[in-house]
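Colleague: I am new to this structure and would like to learn how to read its features. Could we go through a few together?

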Amino acid sequence: MSWHATALTLFPEMFPGTLGHSLAGRALREGLWRLDTLQIRDFATDRHRSVDDTPCGGGAGMVMRPDVVDAACAAALAEGPARPLIYLTPRGRLLDQALVRELAAGPGLVLVCGRYEGLDQRVIEARGLREVSVGDFVLSGGEPAALVLLDACVRLLQGVMGGAESATEESFAEAAAPLLEYPHYTRPVEWQGRRVPEVLLSGHHAAVARWRREQAEAATRERRPDLWARRGGPHGRLVETQD
Ligand code: SAM
């Protein structure tokens, strides 16, 4: 049974979107993963097919109704084996490669895409929705966030990515204390007066590996002190006891 994602959304036409192309798209067509959408509005019960209502306590915007979202969740979960339910929200745990790895290793996902001001808190609690954010900014809806999360998961699925090295060498590959990746170069060797670093032309594999490691560590130290701080030791080398 392939990895199975279901997006609950008011805009099913936004899927597969970018995931219909390139590696993810080919894998989808080859059945390496499966993507369904459920139109949340189909679970509305009144004659206006309402999915939202005004916020209790007043204020701007509208809130998605718990009963309608709950019925959509139930329908998604009724299809096959249990899968984690995720609500994309700026209030959630920040998405990172560790979470992506965990989710890609499971049976798939049910993704709830919010609109308006978001979901009524009671359905989040009642369904045990895991809240995940794709960054400290506010999107107009959960669909682009769902596409980001799915893209990151799908490329880790067995058979999706060509070149087994790609996933082990790239940024965040070291689960315990991630590093950013080293910089890349290709031909021409000289371009606009800038040369490819000599070590990369030397054919000396150990020297190349050492240079790349140093570059990765320097970039992480300068650009992401938060990640660097997760590494211990006098030179930022990983200390075994760190998480
Ligand atoms: N009122 C919400 C707040 O201030 O946190 C923002 C609601 S936003 C306009 C509508 C929907 O977009 C959210 O319910 C959520 O599903 C999605 N969304 C917005 N930003 C997101 C982010 N950074 N990560 C994940 N989902 C996001």
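This is a predicted model: local features need pLDDT of at least 70, side-chain atom pairs count only at pLDDT 80 or more; totals for chains, interfaces and linings use all residues.

Colleague: Let us start with Thr6. In which strand is Thr6 placed?

Modeller: Thr6 belongs to strand E1, which covers residues 3–9.

Colleague: Is Thr6 buried or exposed?

Modeller: The cut-off for buried is under 20% relative accessible area. Thr6 has 0% relative accessibility, so Thr6 counts as buried.

Colleague: Which residues is Thr6 in contact with, leaving aside neighbours within four places in sequence?

Modeller: Among them are Asp36, Leu38, Ala76 and Glu79. Arg83 is also in that list, and the side chains of Thr6 and Arg83 are joined by a polar contact of 2.9 Å.

Colleague: Now the rings. How is a pair of aromatic rings described?

Modeller: By the distance of the centres and the angle of the planes. Here the count is one aromatic pair. The ring centres of Tyr185 and Trp211 are 6.5 Å apart and the planes stand at 55°, so this pair is tilted.

Colleague: Where do Tyr185 and Trp211 lie?

Modeller: Tyr185 is in the loop between helix H6 (165–169) and strand E8 (190–191), while Trp211 is in helix H7 (residues 205–223), so the pair ties together parts 26 residues apart in sequence. Tyr185 is partly exposed, at a relative accessible area of 44%, whereas Trp211 is buried, at 15%.

Colleague: Which residue lies over the face of Trp228?

Modeller: Arg221 does, at 5.3 Å from the ring centre.

How values were computed. Residues are numbered from 1 along each chain as its sequence is written. Side-chain values use heavy atoms; hydrogens and water are left out. Helices (H or I, at least four residues) and strands (E, at least two) are DSSP runs, numbered from the N terminus. Buried means under 20% relative accessible area, exposed over 50%, partly exposed in between (1.4 Å probe, protein chains only). A polar contact is a pair of N or O atoms within 3.5 Å; within protein, one must be able to donate a hydrogen and the other to accept it, and residues adjacent in sequence count only if both atoms are side-chain atoms. Contact means heavy atoms within 4.5 Å. Rings of Phe, Tyr and Trp (its six-membered ring) pair if their centres lie within 6.5 Å; planes under 30 degrees apart count as stacked, over 60 as edge-to-face and the rest as tilted. A charge sits over a ring if NZ of Lys or CZ of Arg is within 6 Å of the ring centre and within 35 degrees of the ring normal.
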